Amino acid sequence: MISLIENYKVISIIGMAKNVGKTTTLNYLLKHLYHKKVVGLTSIGRDGENVDVVTNTPKPKIYIESGTIIATTTICLQNSDFTKQILETTDINTPLGEVVIVRALSDGYVDLAGPSFNQQMKRVISRLKHYSVDVILIDGAISRKGLASEEVSEATILCTGAAYSSQIKTVIEDTEHIVHLFNLKEVDQSLYTDFSRVMDESPLSLVYQNGFIKSIKVKTALNSAKQIINELNYGVKYLLINGALTDEFLKVLFENRNKFKSLKVVVPHATKCLFHKYTSDKLKHINVDIQVLEKTKLLCVSINPTSPLNYAFDAEKFQLALSQKLTIPIYNVVRDNDE
């Protein structure tokens with residue numbers, strides 16, 4: 001895993017659910033990067049609590065070493081036990097106080113929290129880079145997959161595990177689906193500039209076979225499926241959506257498949273795809289091809305075969321089953337640490 005991240009400056013760690021091993025994976029990376037690189041560290045949402053606020057079960061702490069540059073909140077700093085030097089404030093306020101940037105002057109545990117929005121995260125990353133860090137790690141919170149987009153991080157590690165579901169088949173199928181979304185095809189580069197401009201200007205647009213572009217006047221793409229259906233015909237080649245692509249939207253598209261012969265649906269990046277595997281499977285039969293404006297670099301999958309609800313998968317069987325479905329590396333960092 002360490003060799004995979006060597007060529008990237010900003011790496012995000014996201015999870016399919018809580019307790020699938022994001023913090024454990026982060027600690028693994030930190031352990032192997034210290035004394036080799038200057039590490040910048042932050043989070044979207046909150047992580048690093050002693051007890052998980054959802055399951056009321058103990059959580060692994062985030063251990064940092066002297067020299068780490070950290071962006072976290074003022075309240076979280078009070079709950080951290082390392083000696084710190086405050087480098088700057090950011091004027092980014094959260095329910096846990098203002099995000100501040102500090103340098104660790106000793107080893108210790110950090111209570112980590114960060115900004116809630118991608119634009120704020122981009123500012124924090126910019127400031128962390130100001131302090132000559134070699135690599136920045138972003139610890140993601142549940143449902144914050146948007147930080148995996150290229151506008152925030154250069155590469156992503158996906159965490160999955162038994163906490164997602166007690167059914168190993170469900171975990172494997174849904175993990176395979178998420179990985180598939182990260183590997184969605186990019187639009188043709190000759191179309192990138194025009195499509196990017198159009199999507200910035202309107203949440204929904206139609207691109208016809210002859211190149212004509214028609215923007216649909218809606219506030220957001222959500223709940224606009226029926227309005228789009230009224231506009232669809234055999235002349236439409238692309239549907240550009242600057243927003244979330246949901247099961248509900250695609251269900252309406254499927255039910256009205258007689259209104260188009262084939263259709264390419266374009267979203268900014270894979271993290272906007274919020275539909276399930278069963279919806280994806282149905283789309284294969286109606287000539288709907290989902291593409292992305294910018295592809296997200298998914299480096300690997302990190303697995304946690306145990307659940308805080310007192311059940312676990314067989315670690316080797318779980319990893320083997322996933323490896324038969326995925327073409328990217330799969331790691332069990334707890335076992336790797338033991339070895």
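**Charge pairs and overall build of a predicted model**

Student: What is the relative accessible area of Arg 127?

Tutor: Arg 127 counts as partly exposed, the class between buried (under 20% relative accessible area) and exposed (over 50%), with a 1.4 Å probe and protein chains only. The model is predicted: local features need pLDDT of at least 70, side-chain atom pairs count only at pLDDT 80 or more, and totals for chains, interfaces and linings use all residues. Residues are numbered from 1 along each chain as its sequence is written, and side-chain values use heavy atoms, leaving out hydrogens and water. For Arg 127 the relative accessible area is 30%.

Student: Which residue meets Arg 127 in a salt bridge?

Tutor: A salt bridge requires a side-chain nitrogen of Lys or Arg within 4 Å of a carboxyl oxygen of Asp or Glu. The N to O distance for this pair is 3.0 Å. Arg 127 lies in helix α4 (residues 118-130) and its partner in strand β6 (residues 84-94), so the bridge ties together parts that are 39 residues apart in sequence. The partner counts as buried, at 17% relative accessibility, and it is Glu 88.

Student: Which helix holds both Glu 201 and Arg 197?

Tutor: These two side chains form a salt bridge, with the closest N and O atoms 3.7 Å apart. Glu 201 is exposed at 62%, whereas Arg 197 is partly exposed at 41%. The two residues are 4 positions apart, about one turn of the helix, and that helix is α6.

Student: How many residues apart in sequence are the parts that Lys 214 and Glu 231 tie together?

Tutor: The side chains of Lys 214 and Glu 231 meet in a salt bridge at 2.7 Å, N to O. Lys 214 lies in strand β13 (residues 213-215) and Glu 231 in helix α7 (residues 225-231), so the linked parts are separated in sequence by 17 residues.

Student: What percentage of the residues is buried?

Tutor: The C-alpha atoms fill a box of roughly 65 × 45 × 35 Å along the principal axes. Of the 339 residues in the chain, the buried share is 54%.
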